[in-house]
Amino acid sequence: MSEQYGEEAGGREFQRVADELRARMTDGTYPLRGYLPAQRDLAKELGVSRDTVQRALRELQREGWIESRQGSGSRVLRTQRIHSPAGSRLPGRPVTLGPLIGSAFEEPEVTLDVYTLTSESLDAHIRLQAERIQAGEIAPRHIGVRMLLPADSVPSPYGRSANGRYDDVLRERVRGVTRRHVESLRSTLRYLRTTELVPSVDMRIRYAPLTPAFKLYLINKTEALHGFYEVYERLVDLDDGTETEAVDVVGLGATLTHHVKSDDAQAQGTVFVETTQKWFDSVWDFLAEE
C-alpha cells in the first residue's frame, strides 16, 4: 500500500502505536487473555523506540486494556465484545466486532451509518478491511459511509481534569483524536477509490450539536450495533510529560449489543434496526437543512 496510507494515523508516535495495539486487540489479533509480543519485537515491527512502546503500553494499562508485569509481558484484559440477544443470528454468543464488519464487507454493496464520539473504532476496522481488499480476499463494488460526530462547539462532559486546570488541554486532546482518525478514514477510503480497488466510494460526515452517550453502527441496513460509553477516571499523559487525573470514556473496547433485521416485522431485532435507522436518518436530514 502507498506510503501515505501507511502514515495515516499521524500525531505523536506513542499514540500511533497505542492506536495500532488497540485495533489489534479489538479485531482479535491479540486475543483476550493472550499476550502481546515482546517490547523489542513491537518496536522493530512498528519502527519506533522501546521507550515509545513502553509509553504506549503504559497508556493501554491505564485504560484497562492490558495488565503488564515485569518478566511476564503484557496480557490482554479487554477486547471489543458483542452481545447478541434472542432474535439475532448469534444468540447468547459473545464475538468481536471484526468478524461482523468483515461479513458486511464481503457484500457487493457496503453501507455504514455510524454515530460516535471519535471514529476511532471505525477507523481501525475499515483499515483492516482495506488490507483484505488489497490482498484480493474481498471485492466490494461500493462503500458508503455516513458518520455523525459531535461538533467542536459542543461542550463535552468528557476530557475533564480533577482540578479543572487542564480541561482545555484534555478537550483539545479528544478533538485531536477525532481529527486524526477522520483523516485516517479519508485517506484509507481515498486510497481504495484512486487505486480503483473499489469502483465507488462515498464518505460523508455531519457534525451534530450532541455529545454521544452511546455509539451506534447501522450495517447494510440490516444490522445494528449499539453500546453505551463507559465513563471512568484515569491518569492521562499530556504533551509536556505532565500526568493528571481525568474523566475519560471507553469507546474502542466497549461492549456492544447486536441486533439483526428479519422477515418478522415484530421481532426485537427488526424493530430495533428500523427504529435506530429512522432516528439516524432524521438527524442526518435535519443537519442538512441547517
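Predicted model: local features only at pLDDT ≥ 70, side-chain atom pairs only at ≥ 80, totals over all residues.
The largest nonpolar core holds 29 residues, and a second, separate core has 17.

**The two cores**
- In the largest core, the members that touch the most other members are Phe105, Leu112, Leu122, Ile143 and Met147.
- Helices α5 (97-105), α6 (120-134) and α7 (167-194) each give two or more residues to this core, and so do strands β4 (109-115), β5 (142-150), β7 (200-208) and β8 (214-219).
- The top contributor is α7, with 5 residues.
- Zooming in on Leu122, and skipping residues up to four places away in sequence, you'll find it touching Leu112, Val114, Val145, Met147, Leu185 and Tyr217.

- Leu42, Ala43 and Leu46 are the buried residues of α3 (residues 39-46).
- These three sit on the same side of α3, because they cover an arc of only 100° around the axis.
- Their packing partners are α2 (13-26) and α4 (50-62).
- Just after α3 comes Gly47, with a positive phi of about 70°.

**A buried glutamine**
- Gln277 is part of helix α8 (residues 268-289).
- Gln277 counts as buried because its relative accessibility is 11%, and the cut-off for buried is under 20%.
- Setting aside neighbours within four places in sequence, Gln277 contacts Asp113, Arg146, Leu218 and Lys221.

Definitions and conventions:
Residues numbered from 1 in each chain as written. Heavy atoms only, no water. Core = buried A, V, L, I, M, F, W, Y, C linked by side-chain atoms within 4.5 Å. Buried < 20%, exposed > 50% of the residue type's maximum accessible area, 1.4 Å probe, protein only. Helix = DSSP H or I, 4+ residues; strand = E, 2+ residues; numbered from the N terminus. Contact = heavy atoms within 4.5 Å. Arc of directions from axis to C-beta.
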